[in-house]
Structure formats: structure tokens, C-alpha cells
Amino acid sequence: MIKNIVTIFFATILVAAGVSRAAAEIKIGVGVLGPISPQTETDIDQLVGKLPNVKAVPIQPPGDIDACVKRFVAGDADERLDAVMVVSLPPESFQSTRDKGEARFTGAYEIWTLNLSTLAEDRHRFTFSDREPVIGGAAAILAMPAQLFAERATGKKLISSDEWQAFKAVETRVEAKLVAATKLYLQTAPIRDTEPLSPLETARNLLDRGDGETAMLVFQKAGLNNPEVQRMIGAAQQQLRRSQAQSLLGKTLGAIAGGNDSQARKILAQYEHAPLAELSRADAIRRAIAAAPDHRADTTYDAVLKADVPTLDHAAFVAMLKQMFGDRTGSTPAQVVVSAKDVTIEDKAAIQGVKEQLDIYAATLGRSAYLMSLKCGCDASAVLTAESVGGAILKASYSPASKRAQVGLP
């Protein structure tokens with residue numbers, strides 16, 4: 001009898017442990033961007049799926065943090081994920097050539113991960129280069145015995161007799177390097193520490209970023225009748241009002257940085273009427289506008305920008321960059337993506353705009369890198385694209401130790 005009781009007890013423990021392990025399984029969405037082969041995509045999915053308690057789910061990357069949250073946290077329950085990992089081979093990052101002598105490849109491979117509870121991001125970049133000579137004539141004849149032996153031993157052609165074979169050989173080796181680099185990255189990647197999704201934690205972190213709109217979508221998905229949700233919404237009202245004021249402050253600073261003083265005055269008046277506006281800041285901005293001898297000069301408002309930009313939350317900083325970019329170029333960006341020390345500006349009109357007013361676009365991108373440097377207190381960079389997965393059109397960098405931004409072609 002005692003033996004049976006002990007057996008049942010241990011069986012119960014094993015079942016409970018199994019349930020616990022199943023409940024702790026982490027779902028990571030894995031997507032690819034760029035010319036990565038289906039086989040390499042499958043290999044990367046399998047690497048992620050081999051992590052402890054992880055299930056890899058193939059996805060089509062939806063975009064930035066907000067887009068991922070809207071789809072995988074506030075979207076359909078069937079699509080809910082705990083984290084996202086996107087691997088990409090941006091077209092602008094690599095060059096491949098082939099001629100009668102050899103095939104060559106140089107490029108960069110990027111990995112971006114996002115914890116959907118904490119909204120913590122991690123970005124990693126690997127660079128590659130490879131080459132394959134074309135062997136012909138007498139050298140090819142002399143190499144035939146070794147070639148036949150290699151083909152029988154490995155099943156792969158190791159010696160290229162024309163440029164197409166050389167190109168395919170390089171392509172195969174590069175994709176093998178992508179898989180190897182991913183495997184190396186995953187050994188210590190922060191995504192290994194992902195825990196089951198907590199939508200309310202996601203909402204809290206969205207509020208900290210100043211993104212009240214997306215936070216409310218998460219709250220609604222969690223259920224507005226949920227007492228915990230009601231408590232959090234009540235506690236977040238002050239923070240939401242602060243975010244609204246911050247957004248207006250950011251747009252005011254953007255108009256200032258864009259040299260549009262009349263627009264800056266209009267938005268400043270709206271900021272002053274916001275419930276949580278800081279009137280001392282508004283007074284300082286108004287004095288700067290009144291005293292500025294030339295509103296087109298970048299240095300006119302630097303004192304105000306240096307004081308206020310570092311205090312902006314994420315959403316307000318994005319609003320500032322959009323306002324500044326639109327005022328300077330006449331085209332409002334479709335999307336602005338900000339990370340720890342760099343910013344990517346997607347402007348649908350950028351290709352034509354750069355052709356028609358290169359100086360203005362270059363100066364605006366340089367100003368964006370400068371503002372990013374003020375925000376992070378570090379060396380910063382800015383990239384201009386026409387599409388979210390398109391190549392870079394212009395790149396800029398700024399260092400606090402320098403007095404001017406460096407802008408050039410990618």
C-alpha cells in the first residue's frame with residue numbers, strides 16, 4: 001500500500017513537472033529579410049528551436065517595436081509570441097561580383113531581437129568576405145583528379161571552371177557563414193533569458209516610452225473589465241497626460257531644429273495648455289525664438305535643444321525628428337526608428353528628394369545624427385532610406401567631440 005502511494009506521489013510530481021515545462025515553453029518568432037535562401041532560413045529556425053524550452057515560429061517581420069507589439073501582443077491570440085528575432089542581409093550592405101577570374105562577396109549580416117514583455121532590444125552585426133577563383137586551362141586539367149576525389153568524398157564541387165560556378169560556390173559558403181554566425185550569437189544572446197509574455201508588463205514599458213496609444217491596445221486586449229487592468233489604467237492616467245505634453249514639446253523642438261519658428265510658436269502655445277506642461281521650459285523656448293537673429297541657423301537654438309532633448313521620452317523624440325525632417329525637406333517621414341544610439345528615417349520621397357535638393361537632405365540627416373547624439377550623450381548615426389527594407393540613400397554620424405556631422409553616401 002505504501003509502495004503504491006509513493007509510486008502515485010512520484011507520478012504526480014512527474015506529471016506536474018511536465019505541465020510546468022510545457023507552460024514555460026517560450027515562443028520566439030523568427031523572420032528573415034533580404035536575399036537569404038529558404039534552406040538557410042530553415043537552418044536558422046532550427047537553431048533557435050534548439051534553445052532550452054523554446055519553440056521557433058516562422059514569421060513575416062511586421063516592422064518596428066510598435067508593429068511587433070500590435071501584432072504579437074495586442075493582436076490575435078493565435079499569433080501571440082514571447083519574443084521576436086529577425087535576421088537580415090540588407091541589400092545595401094553587400095556587394096557580389098563575378099568575372100572571368102573570380103567571384104567575390106563582401107557584406108554584413110544583422111540580427112535584431114526583441115523581448116515582447118520588457119521591450120528590450122539587441123542588435124548584432126557580422127561582416128563577411130569571400131572569394132572563389134576560376135580555374136581553367138592546364139590548371140583545370142591538373143586539378144581534375146583532386147576534383148573527382150573531392151566530389152566523391154563530399155558530394156560538392158570544390159573547383160570552379162567558370163564564373164557562374166565560382167559565384168554559386170561563394171554564395172553557398174557565405175550562407176554557411178550566416179548560419180555559423182547565428183549559432184555563435186545564440187550562445188550568449190539576451191533572447192535566451194526570455195520569459196513567458198506578460199502583456200501588462202508590455203503596457204507598462206510602452207507607457208515608459210511615451211506610447212500611450214499602443215499601451216491602450218494592449219490593455220484592451222487584456223480586458224478592460226480586468227481589475228488589474230483598471231488599476232493600471234488609473235495609475236497610468238498621469239503618465240499618459242505627461243506623454244501628451246512631451247509629444248508637443250518634442251514637436252516644438254522639431255520645428256525649432258527645422259528652422260520653422262512660426263510653426264514652433266503655434267505648437268509651443270499648444271504645449272503651454274497641456275495639463276502637465278513645464279512652463280519654465282516654455283518660457284525658455286519663447287525667449288530663444290524672440291532673441292534668435294537668424295532662424296535658419298542650426299546653432300541658434302542649440303542651448304534649448306541641449307537642455308530639453310535628453311529629457312524627451314521615446315515617442316516625443318520620434319515626434320521631434322518627424323517634425324524637424326518635414327519642416328526642412330517638405331516631406332514627412334513614413335517611419336522613424338530609434339535605437340540606443342542610431343536612427344533610421346524612412347522617407348518615401350527620399351530618392352527624388354535627394355536628386356533635387358541633396359544639400360538640404362544631407363544637412364537634415366546630419367542634424368538628425370546630432371539630435372540623436374544629444375539624446376544618448378554618445379557618438380550617434382542616422383540613416384536615410386526610401387523603404388523599410390531598402391538600401392541606405394545617405395548616412396550621417398555625429399560625435400560630441402566634433403562640431404560638425406559627417407554625411408556621405410553609404
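Start by selecting cysteine 376 and cysteine 378: the two form a disulfide, with their sulfur atoms 2.1 Å apart. The model is predicted. Look along the S-S bond. Its torsion is about -100°, so this disulfide is left-handed.

Now colour by accessibility. Cysteine 376 is partly exposed, at a relative accessible area of 26%. Cysteine 378 is partly exposed too, at 21%. The cut-off for buried is under 20%. The disulfide count for the model is 1. Then jump to cysteine 68, which is buried, with a relative accessible area of 0%.

**The whole chain**

Zoom out and switch to cartoon. The protein has 14 helices and 11 strands. Of its 410 residues, 43% count as buried. Show the surface next. The accessible area comes to about 21,200 Å², and 55% of that belongs to carbon and sulfur atoms.

**Strand E3**

Select residues 83–88, strand E3. How many of the residues of E3 are buried? The count is 6 of 6, so the strand is largely enclosed by the rest of the structure.

Which way does E1 run relative to E3, parallel or antiparallel? The two strands run parallel, joined by 6 bridges.

**Helix H12**

Move to residues 314–329, helix H12. The helix has 16 residues. From its first C-alpha to its last it reaches 23 Å, close to the 22 Å expected at 1.5 Å a residue.

Look at the start of H12. A side-chain oxygen of aspartate 313 reaches to within 3.3 Å of the backbone nitrogen of alanine 315. Draw that distance in the viewer.

Next, the cover. H12 is mostly covered, with 12 of its 16 residues buried. Among them are Phe317, Val318, Met320, Leu321, Met324 and Phe325. The buried set also includes Gln323, Arg328 and Thr329. An α-helix has 3.6 residues a turn, so residues three or four places apart point the same way.

Glycine 330 follows H12, and its phi is positive, near 85°.

Most residues other than glycine have a negative phi.

Select asparagine 53. Its phi is positive, about 60°, although it is not a glycine. Asparagine 53 sits in the loop between helix H2 (38–49) and strand E2 (54–58). At 43% relative accessibility, asparagine 53 counts as partly exposed.

Then select leucine 119. Its phi is about 65°, again positive in a residue that is not a glycine. The place to look is the loop between strand E5 (102–115) and strand E6 (121–133). Is leucine 119 buried or exposed? Leucine 119 is buried, with a relative accessible area of 8%.

Key:
Residues are numbered from 1 along each chain as its sequence is written. This is a predicted model: local features need pLDDT of at least 70, side-chain atom pairs count only at pLDDT 80 or more; totals for chains, interfaces and linings use all residues. Side-chain values use heavy atoms; hydrogens and water are left out. Helices (H or I, at least four residues) and strands (E, at least two) are DSSP runs, numbered from the N terminus. The expected span of a helix is 1.5 Å times one less than its number of residues. Buried means under 20% relative accessible area, exposed over 50%, partly exposed in between (1.4 Å probe, protein chains only). A polar contact is a pair of N or O atoms within 3.5 Å; within protein, one must be able to donate a hydrogen and the other to accept it, and residues adjacent in sequence count only if both atoms are side-chain atoms. Accessible areas come from the Shrake-Rupley method with a 1.4 Å probe; for residues, only the protein chains shown count as cover. A disulfide is a pair of cysteine sulfur atoms within 2.5 Å. Two strands pair if DSSP finds at least two bridges between them.
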